[in-house]
Amino acid sequence: MTNNVKNISITGAAGNIAYSAVFRIASGELYGKDTKINFKLIDISDFEKKMFGVKLELLDCAFPLLNSVEVTSDLNKGFGDADCIFLFGAKPRGKGMERKDLLESNANIFSIQGKAINDNANKNVKVIVVGNPANTNALILSKNAKNINPSQITSMMRLDHDRAKALVAEKTGIECSNVKNSFVWGNHSSTQVPDITNIINAASGESIIVDSDWMVNDFIPRIQKRGAEIISYRGLSSAASAANAAISHMKDLLFGSKDILSVGQYSCDNKYDIDTDLFFSFPTNCSEGGHLINYDFEIKNDLRKFIKETERELLEERDAIKHLL
Ligand code: NAD
Ligand code: LMR
């Protein structure tokens with residue numbers, strides 16, 4: 001058996017997304033079959049008992065790769081020596097709310113956690129922020145984790161990315177895995193800009209030309225509002241699809257990917273004329289070492305004005321939490 005061991009910290013561990021994620025991670029879906037896992041499950045103290053139930057279920061699976069499970073509400077313990085961190089812990093929105101309405105209740109969580117990650121995690125830690133509003137929470141986290149390079153912190157746009165790919169596949173009849181170069185710009189919100197103006201069918205190598213009326217009037221709003229659509233049916237926000245996206249995102253960041261990805265990342269080089277101090281989703285390649293490389297795509301059609309709108313929303317969100325930066 002392997003001697004590789006990784007420490008994985010998960011906040012919101014008593015919640016819905018975590019419940020869909022931990023069993024898959026423990027089975028080896030993230031680090032593969034050669035790496036053992038130490039889990040640190042973190043939630044608020046009122047939920048320690050519930051987390052203990054999750055721990056018992058994890059143990060009952062007898063996963064060969066699961067080395068240990070610690071349950072805690074102490075952030076310093078929870079982030080201790082973490083190699084990778086999933087930040088699910090935050091309030092979800094209900095019907096009729098926008099994700100940015102959560103800023104007031106969730107923003108503080110990420111300033112406190114940023115400091116605790118800074119003080120306790122491994123220096124090469126990779127962090128994914130999922131709790132909403134994810135991009136601005138990632139900015140708060142990064143500003144409070146002063147010794148962690150902002151490139152090690154990302155916010156989750158993968159669910160939007162996968163939603164876009166699936167809808168294109170449904171519309172065109174091309175298999176999801178053959179839809180390439182579809183990605184999402186900006187904020188994980190109803191202003192995000194899913195961009196399918198560069199897509200190709202990987203099976204034939206040919207460009208896929210989509211009807212521009214369909215793209216602007218049907219496809220883009222559908223992806224922008226997909227989270228709300230799920231809430232309207234489930235009465236709860238997406239959880240299994242969010243967990244799936246979080247695992248895919250982290251795996252690509254740890255091991256690289258040849259695909260174009262959508263990653264909420266620190267905008268530091270004014271690329272595409274986007275403000276330099278935001279967490280913004282760009283089309284990105286990821287090297288084997290997990291290094292993010294923004295890809296050069298021409299912004300086509302009228303998408304530039306939509307991209308400016310999602311940037312404007314992020315600037316407003318940043319302004320609302322400037323005391324935490
Ligand atoms: P949930 O309510 O089921 O679970 C959230 C958990 O977080 C709860 O157990 C809660 O006690 C815990 N928590 C709250 N404050 C905490 C803190 N300070 N430290 C640790 N844990 C804390 O919610 P969920 O369905 O798991 O969703 C979690 C978050 O993820 C929500 O904000 C939701 O909107 C967001 N989300 C984001 C995406 C995305 O694509 N970025 C997708 C789906 C959901
Ligand atoms: C989603 O996109 O499903 C999540 O961000 C949950 C939400 O509030 O929409």
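Predicted model: local features only at pLDDT ≥ 70, side-chain atom pairs only at ≥ 80, totals over all residues.
Colleague: Nice place to start! How much space lies in that second largest pocket, and which residues are closest to its centre?

Modeller: The second largest pocket holds about 320 Å³ of space. Its lining counts 18 residues, and S151, Q265, Y266, H291 and L292 are the closest to the centre.

Colleague: What is the make-up by class of the lining of that second largest pocket?

Modeller: Ten of its lining residues are polar, six are nonpolar and two are charged. Gly goes with the polar class by definition.

Colleague: Let's go to strand β6, where T154 has its place. Why is T154 called buried?

Modeller: Buried means under 20% relative accessible area. T154 has 1% relative accessibility, so it counts as buried.

Colleague: And what makes the pair of T154 and H249 a polar contact?

Modeller: The cut-off for a pair of N or O atoms is 3.5 Å, and one must be able to donate a hydrogen and the other to accept it. The side chains of T154 and H249 are 2.8 Å apart in their polar contact, so the pair is within that cut-off.

Colleague: Which residues is T154 in contact with, leaving aside neighbours within four places in sequence?

Modeller: The list is V127, I128, V129, H249, L253, V263, G264, F279 and L292.

Colleague: On to the largest pocket: how much space lies in it, and which residues lie nearest its centre?

Modeller: About 1,000 Å³. Its lining has 45 residues, with F88, G89, A90, K91 and P92 nearest the centre. By class, that lining has 23 nonpolar, 15 polar and seven charged residues.

Colleague: Which helix gives the most to that lining?

Modeller: That would be α1, with four residues. Helices α1 (16–26), α2 (48–60), α4 (103–120), α6 (158–172) and α8 (226–234) each supply at least two.

Colleague: Now the ligand. Which residues come nearest to ligand 1?

Modeller: There are 25 residues around ligand 1, and N16, D43, K91, V130 and N132 come nearest.

Colleague: How do you know that the backbone of N16 makes a polar contact with ligand 1?

Modeller: A backbone N or O atom of N16 is 2.9 Å from an oxygen atom of the ligand, and the limit is 3.5 Å, so the pair qualifies. For I17, a polar backbone atom is 3.0 Å from a ligand oxygen. For G12, a polar backbone atom is 3.4 Å from a ligand nitrogen, so this pair is also within 3.5 Å.

Methods
Residues numbered from 1 in each chain as written. Chains lettered and ligands numbered in written order. Heavy atoms only, no water. 1 Å grid on protein atoms, 1.4 Å probe; cavity = no way out; pocket = protein on both sides within 12 Å on 5 of 7 lines; lining within 4 Å. Points joined across faces, edges and corners; volume = space filled by probe spheres on them. Buried < 20%, exposed > 50% of the residue type's maximum accessible area, 1.4 Å probe, protein only. Contact = heavy atoms within 4.5 Å. Near = heavy atom within 4 Å.
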